[in-house]
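Hello,

Here is the structure you asked about. My notes on it follow below.

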Amino acid sequence: MPGVKVRQGFVAAVLGAALMGCGVQPTGVIGAGEPASGLTRGIRLYYASAAGLRGVPLIDVEVEDLNTVIKYLAQGPPPAEQRDGLTSLVQLGGYRATGTGTRVTVRIDGAYTATGRDQGTGQLVCTLARAQSVIDPKVRTDDVEVTLRPSEGTALGPYRCAEFLNG
């Protein structure tokens, strides 16, 4: 079928000419430094929203202990994030958080009123898991287990952040 080959050749020539005529000049390789890799390593505070938990970076703040991270979390999201529908459901009286390796424990004064499978608990778990991995760089966020130990009632957990993230 000679007519088919002629038409295929014509289509290829027209497409080639169209691509060459787009005005974009070829360039060589442009060096731009090292490629991005992995997750960001800074502290993230996790806040609740109608769509689930969302991590917000804690910018220009150096945190060396987990208690300070909970303090920042309890202050609630910055105004811009509040306008985006983020809120904090964390309500703790007294607490003391400690972490060793992949284990984090939060001792809570009194009862813990949340269910343990709610966004407020997820905020604590994900925020503390991320913070522990920043404080101890040998630890991966996904490996951290957080246990909540109220002075009244039973312990909750251990939980991992992935249990609270949608998707």
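Strands here are DSSP runs of E of at least two residues, numbered from the N terminus. On that basis Pro158 lies in strand β6, which covers residues 156-159. Please keep in mind that this is a predicted model.

The peptide bond leading from Gly157 into Pro158 is cis, with omega near 10°. For background, most peptide bonds are trans, and most residues other than glycine have a negative phi.

Asp60 also has a backbone angle to note: its phi is positive, about 55°, although Asp60 is not a glycine. Asp60 sits in the loop between β2 and α2. Its relative accessible area is 79%, and exposed means over 50%, so Asp60 counts as exposed.

Strands β1 (residues 44-47) and β2 (residues 54-57) run antiparallel and are joined by four bridges. In this pairing Arg44 is opposite Pro57 of β2. Six residues lie between the two strands of the hairpin, and Gly52 has a positive phi near 115°.

On the helices, α2 (residues 66-74) packs against α4 (residues 119-135) at an angle of about 140°, with the axes 10 Å apart. Because of that angle, α2 is oblique to α4. Their crossing is right-handed. From α2, the contact uses Leu66, Val69, Ile70 and Leu73. The residues from α4 are Gln123, Leu124, Thr127, Leu128, Ala131, Gln132 and Ile135. Of the residues in this contact, eight are nonpolar, three are polar and none is charged.

Regards

Notes: Residues are numbered from 1 along each chain as its sequence is written. This is a predicted model: local features need pLDDT of at least 70, side-chain atom pairs count only at pLDDT 80 or more; totals for chains, interfaces and linings use all residues. Side-chain values use heavy atoms; hydrogens and water are left out. Axes are lines fitted to C-alpha atoms, for helices over the stretch in contact, and angles run from 0 to 180 degrees between N-to-C directions. Angles under 35 degrees count as roughly parallel, over 145 as roughly antiparallel, 65 to 115 as roughly perpendicular and the rest as oblique. A crossing is left-handed if the near helix is turned anticlockwise from the far one by less than a right angle, and right-handed if clockwise. Contact means heavy atoms within 4.5 Å. Ala, Val, Leu, Ile, Met, Phe, Trp, Tyr, Cys and Pro count as nonpolar, Asp, Glu, Lys and Arg as charged, and the others, Gly among them, as polar. Two strands pair if DSSP finds at least two bridges between them. Buried means under 20% relative accessible area, exposed over 50%, partly exposed in between (1.4 Å probe, protein chains only).
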